[in-house]
Amino acid sequence: MKKLSIIYWSGTGNTEEMANIIYESAKEQGAEVILKFVNEAALEDISESDVTALGCPAMGDEVLEESEMEPFIESIEDKISGKKLALFGSYGWGDGKWMIDWEERMSSKGANIIHDALIINGKPESDEDTNLCREFGKSLVK
Ligand SMILES: Cc1cc2nc3c(=O)[nH]c(=O)nc-3n(C[C@H](O)[C@H](O)[C@H](O)COP(=O)(O)O)c2cc1C
């Protein structure tokens, strides 16, 4: 049985909704899944899982949220070499640059990115967006 940790930050609930769908989908596959807001998470949630999904919306000017998510990423980024990761998050008006930068950053630290980053505009409401989140969760625990 695969163990997946989902660690996210969300301000208005959109990335949280993505996280919830990913959680449900992975659970349906029979995986053991941990779902934590970033302020509850620790390095062990990553080191003791087979796969970790990290979620954060585009904030600031195409950056991670700066008071909780960015410090967490700083605290783990030198300890994730070889770990299987996938990134997700919601955005508003931008072009997704925050996610490209984030993925490059994690790759440069030696993380094994096992799924293309999933970005959703606003809240995942359409069938298409919901299915993308479901597929993401399913494929992470395959
Ligand atoms: C302070 C702030 C900064 C933001 N900066 C960006 C940005 O640079 N690019 C972008 O596409 N969206 C930006 N957004 C929009 C959010 O990414 C978008 O509303 C997202 O759905 C929020 O996700 P959440 O509900 O998980 O917090 C920003 C929103 C806020 C509140």
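Predicted model: local features only at pLDDT ≥ 70, side-chain atom pairs only at ≥ 80, totals over all residues.
Residues are numbered from 1 along each chain as its sequence is written, and side-chain values use heavy atoms, with hydrogens and water left out.

I'll start with the annotation. UniProt, in an unreviewed entry, lists residues 4–141 as "domain: Flavodoxin-like"; such annotations may be inferred rather than shown by experiment. The end C-alpha atoms of that span lie 7 Å apart, and the span is 39% helix and 22% strand. Helices (H or I, at least four residues) and strands (E, at least two) are DSSP runs, numbered from the N terminus.

Next, helix α5, residues 127–140. Its 14 residues should span 20 Å at 1.5 Å a residue, and the end C-alpha atoms are 20 Å apart, which agrees. The expected span is 1.5 Å times one less than the number of residues.

Which residues of α5 are buried? They are Asp-129, Cys-133, Phe-136, Gly-137 and Leu-140. They cover an arc of only 95° around the axis, which puts them on the same side of α5. The arc is taken from the directions from the helix axis to the C-beta atoms. Buried here means under 20% relative accessible area, exposed over 50%, and partly exposed in between, with a 1.4 Å probe and protein chains only. On the other side of α5, Asp-127 and Glu-128 are exposed. The cover over the buried residues includes β1, α1, β3, β4 and β6, where contact means heavy atoms within 4.5 Å.

Now the salt bridges. The structure holds seven, each a side-chain nitrogen of Lys or Arg within 4 Å of a carboxyl oxygen of Asp or Glu.

One of them joins Glu-32 and Lys-3, at 4.0 Å, N to O. Glu-32 lies in strand β2 and Lys-3 in strand β1, so the pair ties together parts that are 29 residues apart in sequence. Glu-32 is partly exposed at 37%; Lys-3 counts as buried at 19%.

Another joins Arg-105 and Glu-70, at 3.0 Å, N to O. Arg-105 lies in helix α4 and Glu-70 in helix α3, so this pair ties together parts 35 residues apart in sequence. Arg-105 is partly exposed at 22%, and Glu-70 is buried at 17%.
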